[in-house]
Amino acid sequence: MDSKKTNADNLFISFKFPPDKDISGMVVGKRIIKNNLKVDVLHNSLGNEDDLSFKEINNFINERLSTSVNSERDSVECIFNFINQGLKLIGDRQYNKIYSRSWYMSNHYLALEYKFRHPDVFWTAEFSDPVLMNMKGVKKTDSLSVLDNKEYIDGINSKIDEYNKNHHTDIDKLSNPGNTFYLAEFLTFLFADEIIFTNANQRSIMLGSYDEYIKKLVMDKSRIIPHPTLDSEYYHLANNELNLNKDEINMAYFGNSYYISRHFEPLFFAFESLNHKYKNKIKFHLFINKDEFLNFLTDDLEFKNNIIIREPLEYFEFLNATLKFDILLINDTVTNEYFNINPYLPSKLSDYLGSNKDIWAIYEDNSTLSKIDCKYKSSISDYRQSRDVLLKILEDYGYADSEYSFDDSFYEKRINQLNKIIGSQYSLTNRHKLKVDSLNKSNKKLKRENKEILSSNSWKLTEPLRKLFSFFRK
C-alpha cells in the first residue's frame, strides 16, 4: 500500500464496526455521528456495504482502513494479526487523537502500539464492560488468552521502566506468559490519556482489583459517559409497518438472543398472577431470535398468546420501531450473586431515551438502570412491584378494573406447569439444566409466604427446576 497523510485528525479503532451488526461497533458509530467530525476508521471488513447503517455513518468517515482478520474470538492470534495489519494500513498517517473501544480488546492493543510510536497522540480508550472479569465475577482465562511472547512482554516492560522514570513510580514489570484480558485493562489504564466508562458502577468494579496508584490514576483521567443517543432525525431513516392493533397496549423488548442473566420472569409473574378483566389488552412484542429455552419456559403460561416473537431488526429499523410502541421494556443483567454492585448498563437504554416513549425498567437494586428516570420501574427481585406496574399501566391507558385480584396460587401452578412440560415434551437435556441452573443466581431469599411450596415433598420437582424458582426470592 502507498502510505499517505490523512485529512482527518482523528482515528477510531474498532474491530467490530458497521456494516458488522455487533452492538459495540454500533456504539462506536453513534459516537462518531455525535462528534459530527470527519474521522478515519480502522476496522475489520465484512462487506455488506448496502446496509443502511454503513451508508449513514459513512457521511462522517473520511477513510476506512479495513483489515481482514479471520477470527470470531479475541484471541492472542487475533490481537497480533490486528496489530500487524492495522499498523501497515495506518502507514505514515499522522493523527492528533485516537479512540479505541474494548470490544474487541484487540482495539486497545493496536491503539497502545500506535501510542508507543507516536507519544504525542491523545489516546481515548473506552471500556464497554469489564474486560478481566466475566459476568460471574471470575477473572477470565483460557488457552487462547495466554500471551506467551517474551519479546513483546520485554518491549512492554521497557515502556513501564520509562514510565516509572518519568513519573517517579515503581510499577511492577510484567511476567511472561501474561493474560491478555488483564493486560488489556492494565496497559490501557496506564498509558491511555483519557478513559471512558459507561457508568460509575463499571468503573468501581473494574478498579477493585488494582492498587491505589492505578485507582487514583484512572479516577483522575476517566469520565463517565453513557452510550450516545442519536438525534430524532435518525429515528425516521427507515420505516417499519408493524401492523399493531391500536386498541391494545403494545410493549416491546429489543434484543438478539434470550439471556438467562437478563430474564423475563417478572413479566411472567405479573401477568399470570393478576386477575384483571382487561389484562389481555397488553401484548408483549419480543424482538429476539427464536429460542427453544424461552419456549420451554412459556409453553404452559396462560398469556403465551400475548407474547409475539419478532425477528431482530437492523439498527435504524429498530430506532424507527421504538416510535411505534406504547411502552419499551428494558431489564438489567442479574449480577447480585457475583458483584456487590451491577457493573452493566444496557446500551439500548440510550436508544429508548431518544424515542421519547414510555419505558418500563426492570432493574437490579442499586444498578445504574435503577437510577434512570423512567415512567415505570420495578425491582427484578421483588415481583410484587412488577404486578403493581402492570396495574398502573392498565389504569393509565383507561383499562381500570376495580374488581382485580391476585392469584396467590401462582407458584403452585407454575411448578405443575413446568413438571408437565418436562414430562410430556422434554427430557431436560444438559443444555437446559445448565440454563436453568443459571437462572438460580438471580436473587437470594425465598418469599417467606411461599417457601413451603418449594420445600414440600409433595412437589416432585427436579433440582434444576427447584433452583429456577429462586426467582421468587426477595
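Predicted model: local features only at pLDDT ≥ 70, side-chain atom pairs only at ≥ 80, totals over all residues.
Residues are numbered from 1 along each chain as its sequence is written, and side-chain values use heavy atoms, with hydrogens and water left out.

Q: What is the strand order of the open sheet of seven strands?
A: Strands (E, at least two residues) and helices (H or I, at least four) are DSSP runs numbered from the N terminus. Two strands pair if DSSP finds at least two bridges between them. In this sheet the pairing is parallel, and the order is β3-β2-β1-β4-β5-β8-β9.

Q: Why is one side of β3 and of β9 left without a neighbour in the sheet?
A: The order of this open sheet is β3-β2-β1-β4-β5-β8-β9. β3 (61-67) and β9 (222-224) stand at its edges, so one side of each lacks a neighbour there: each has a single partner strand.

Q: Which residue of β2 is the bridge partner of Ile13?
A: β1 and β2 (residues 39-44) run parallel and are joined by three bridges. In β2, the partner of Ile13 is Leu42.

Q: At what angle does α1 run to β4?
A: Helix α1 lies across β1, β2, β4, β5 and β8. Contact here means heavy atoms within 4.5 Å. Axes are lines fitted to C-alpha atoms, for helices over the stretch in contact, and angles run from 0 to 180 degrees between N-to-C directions. For α1 and β4 the angle is about 150°.

Q: Which residues lie nearest the centre of the second largest pocket?
A: A pocket is an open set of points on a 1 Å grid over the protein atoms alone, where a 1.4 Å probe fits, with protein on both sides within 12 Å along at least five of seven lines; lining residues have an atom within 4 Å of a point. This pocket is lined by 20 residues. Elements giving two or more of them are β1 (10-13), α1 (23-35), β4 (97-101), β5 (122-127) and β8 (194-197). Nearest the centre lie Phe12, Asn35, Tyr99, Ile196 and Arg223.

Q: How far apart are the closest N and O atoms of Lys16 and Glu72?
A: A salt bridge is a side-chain nitrogen of Lys or Arg within 4 Å of a carboxyl oxygen of Asp or Glu. The whole structure has 20 of them. Lys16 and Glu72 form one, with a closest N and O separation of 4.0 Å.

Q: Which parts does the Lys16 and Glu72 pair tie together?
A: The two residues form a salt bridge. They are 56 residues apart in sequence, so the pair ties together the loop between β1 and α1, which holds Lys16, and the loop between β3 and α3 (76-90), which holds Glu72.

Q: Which strands stand at the edges of the open sheet of six strands?
A: The order is β13-β12-β10-β14-β15-β16, with parallel pairing. Each edge strand has a single partner, so one side of each is left without a neighbour; they are β13 (307-310) and β16 (376-379).

Q: Which residue of β12 is the bridge partner of Asn250?
A: Six bridges join β10 (residues 249-254) to β12 (residues 282-287). The two strands run parallel. Asn250 has as its partner Lys283.

Q: Which residue does a cis peptide bond join to Trp103?
A: Omega of this bond is about 0°.
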